[in-house]
Amino acid sequence: MSDPTVNRDHELTAEELAAIEEKYDEASSTREVSVPVARLLRAVALVFAIYHFITAGFGLPVDYWHMGLHLTGLFILTYALFPLVRSRNALVMKRSILSPGNVPLYDYLLMFLGIASALYIGAAWRGIEFLGITEQTFRQGNPNNYDIFFGSVLIILVLDLARRTLGWVLPLIICVFISYALFGQYYPGILNHPGTNWRQFINNIYFPAEGIFGVTLWVVSTIVFHFVLFGVIAQRTGLGKLFIDNATILAGRYTGGPAKVSVVSSAFFGTISGSSVANTVSTGALTIPNMKRLGYPGHFAGGVEAASSAGGQITPPIMGAAAFIMAEFLELPYTTIVIAAIFPALLHYVGVFAVVHLMARKLDLKGLSAELLPRLGAVWREGWANLIPLVALLVVLFTGYTPYMSAFCGISMALIVGAARISAPATLLFPIAFIAFVVWKFLGGGFDLTMTVILCSGAVLGVFNPQERIRMPELSEAVETGVKYALAVGAASAAVGIVVGVINTTGIGFRIGFMVTSGAAAMAQSLYELIPFGAFDIFTQADLQLFLSLLLIATACILMGAGIPTTALYIMLVSVAQPALAQLGVPPIASHMFVLYYGVVSEITPPVCTSAYAAAAIANSNPFRTGISAFTLGLGKIVAPMAFVYAPVLLFVSSTGFDALEFSYSAASCIAGVLALSAAVVGYFLAPMSVIERLLCAVAGLIFIAPSWQADLVSLAILAPVALLQLLAQRRTTASQVTG
């Protein structure tokens with residue numbers, strides 16, 4: 001098979017794009033299996049998806065059975081598709097009596113042990129008399145030998161799932177946490193604790209309420225999986241194309257058109273996809289070649305797409321898995337998290353858009369010609385129906401229903417819009433079944449009359465979709481793809497549940513949080529004495545301590561994010577950030593958002609930046625240079641967390657309250673800071689900038705991010721000479737063009 005990253009100037013095919021996604025998204029790289037095994041796995045994936053779909057609409061079983069069944073599906077599919085050691089040779093088809101269907105016998109054994117350990121909790125919950133297993137209530141705190149065996153097996157195999165799907169980094173970090181729980185008596189100073197034996201460790205990690213069967217696995221199995229499935233099906237039915245076409249109409253004609261299309265389409269696409277790599281490949285296939293044809297360097301074109309696509313995990317309404325877990329940790333409705341994320345996501349895209357615009361001005365790049373732009377009327381005549389599933393999902397979500405009920409309605413609408421047509425009577429079973437469900441919910445008091453009318457009307461409208469309908473084989477393939485996307489996040493959520501259990505039982509989060517604030521306080525005192533900040537009445541020592549604490553936590557997020565998925569990173573670091581920042585007066589939602597955003601920054605931070613590598617493959621550019629471009633383009637996302645820690649009003653829903661005037665002032669200050677940083681990155685505003693001008697812009701931009709009138713006055717004073725020099729340079733350029 002040829003390498004999908006080598007010299008290609010032609011338009012990439014669907015197969016080549018799939019190969020790129022498989023290469024740079026570890027969760028997509030699976031081994032080839034025989035036809036009978038592939039059919040069996042497809043059936044398992046479909047049953048897995050149907051189970052989650054039905055339980056979302058009709059009610060969940062008890063937690064331990066629901067999460068056990070979710071883990072069962074993960075064990076079957078992961079051990080069948082992901083080899084023990086990932087290599088090119090391990091992924092290709094080989095015939096062997098020891099590997100039926102190209103799945104080794106030891107993987108079948110591990111699969112069986114995993115299923116048994118996942119389902120044992122449910123089977124033994126009421127006790128198993130003939131085995132001498134008493135009811136769970138009597139074993140809590142004193143697990144028996146069966147509990148110890150299956151708990152030990154589950155811990156080992158969950159770590160193996162994470163290793164196979166995501167690599168070694170996450171399991172090794174979790175092993176450090178396990179060692180801390182077991183051998184805490186040997187750790188020095190504030191980290192010292194009595195330690196725990198293996199039996200008690202199993203009691204804390206294996207039994208439900210915390211640990212593996214805790215909040216992280218519950219959120220993924222109950223909510224996140226459904227939204228991943230919705231995103232894949234909605235994209236396949238045409239919503240992704242509708243986004244790209246409308247982005248092209250909105251931004252394509254202006255200076256640097258294709259690059260702006262990349263930003264806008266990735267922002268649209270991010271509303272239904274929490275996967276940065278999938279977003280990069282889906283939108284980059286069109287936007288990156290267009291940018292290169294216009295004159296953008298390949299590494300910059302790839303960087304634009306990677307930086308834009310990385311925003312998918314922070315773009316409402318469907319953010320990454322970490323956002324759902326955040327809602328559970330904070331005990332807030334998910335809609336509150338969505339509202340809080342609006343301005344920070346906007347700030348990120350403003351930053352990317354500004355850099356793209358200034359670079360286009362610097363390179364004198366034009367927009368797309370009129371004949372290359374889609375026609376607005378034609379786009380909406382053809383694709384209007386694809387918006388129905390997203391509208392249905394949002395209406396249900398923001399009307400106060402559970403996230404999984406909104407996902408159920410969104411998926412149902414996507415199936416209707418994609419596969420049901422008035423011209424094919426047999427396919428009308430989809431809308432009839434959904435309308436019957438809605439009426440049943442209405443009669444039972446689940447839906448009010450308004451919601452019932454909206455959903456039934458959407459189902460009726462969907463069958464008049466003018467696009468060609470999707471056949472069942474294509475639909476089942478889309479569902480299978482959605483299930484495969486969910487394997488890695490499921491493995492990560494189960495594994496990182498071990499970390500949550502260790503944190504809850506040892507209090508390590510508060511211990512490290514205290515170390516962070518103490519270290520920051522010592523550094524702040526030294527700096528405050530060394531540099532007379534107080535003389536200018538701009539910064540207090542407490543301000544400096546907060547800034548240094550934020551800097552330490554942000555650095556840890558970025559460094560640990562090299563190889564760890566955002567969800568796992570968020571869970572591990574928020575346990576440190578929350579206690580540390582709470583001591584400094586930062587509202588809980590701001591500290592949680594801070595960690596989430598810096599975790600996402602790792603997606604575009606070299607040397608490990610998977611989104612940038614996927615974009616580089618499409619752009620045929622140097623991966624490291626593409627990563628650097630993506631990092632500089634993502635400055636809005638880098639500075640946004642600092643902004644909403646200093647001004648929680650930017651999150652709308654902070655406990656400090658919302659004040660429209662304060663919000664407007666803080667938002668304007670932050671946007672000014674991002675624009676100044678963008679000019680510094682590009683080296684151009686009204687005219688090319690000197691090194692000194694760029695440095696002054698960068699300093700002013702950073703000061704702008706902490707909204708206060710004193711800081712803003714300092715920023716304006718710094719920017720004043722830069723603005724004057726830029727105006728003079730622009731006049732000279734204009735005069736020379738006129739005389740020339």
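**Entries on burial, rings and surface**

I looked up V674 and found this residue buried, with a relative accessible area of 2% (buried is under 20% relative accessible area, exposed over 50%, partly exposed in between, with a 1.4 Å probe and protein chains only). V674 belongs to helix α31, residues 660-682 (helices are DSSP runs of H or I with at least four residues, numbered from the N terminus). I also took the distance to V639, which is 35 residues away along the chain, and the two C-alpha atoms are separated by 7.8 Å.

For the record, I am working with a predicted model, in which local features need pLDDT of at least 70 and side-chain atom pairs count only at pLDDT 80 or more, while totals for chains, interfaces and linings use all residues. Residues are numbered from 1 along each chain as its sequence is written, and side-chain values use heavy atoms, with hydrogens and water left out.

Setting aside neighbours within four places in sequence, I found T30 in contact with L81, F82 and L91 (contact means heavy atoms within 4.5 Å).

I then listed the aromatic pairs, and the structure holds 28 (rings of Phe, Tyr and Trp, the last by its six-membered ring, pair if their centres lie within 6.5 Å; planes under 30 degrees apart are stacked, over 60 edge-to-face, the rest tilted). The pair F53 and F408 counts as stacked because the ring centres are 4.6 Å apart and the planes lie at 25 degrees. This pair links distant parts of the chain, with F53 in helix α2 (residues 35-58) and F408 in helix α20 (residues 403-419), 355 residues apart. F408 is buried, with a relative accessible area of 4%. Both rings belong to one aromatic cluster, which also takes in F58, Y401, F434, F437, W440 and F447.

I checked charges over rings as well, and K441 lies over the face of F447, 5.9 Å from the ring centre (NZ of Lys or CZ of Arg must be within 6 Å of the ring centre and within 35 degrees of the ring normal). The charged end of R163 sits over the ring of W168, at 5.1 Å from its centre.

My last entry concerns L449, which is found in helix α22 and is exposed, with a relative accessible area of 55%.

Key
Helices (H or I, at least four residues) and strands (E, at least two) are DSSP runs, numbered from the N terminus.
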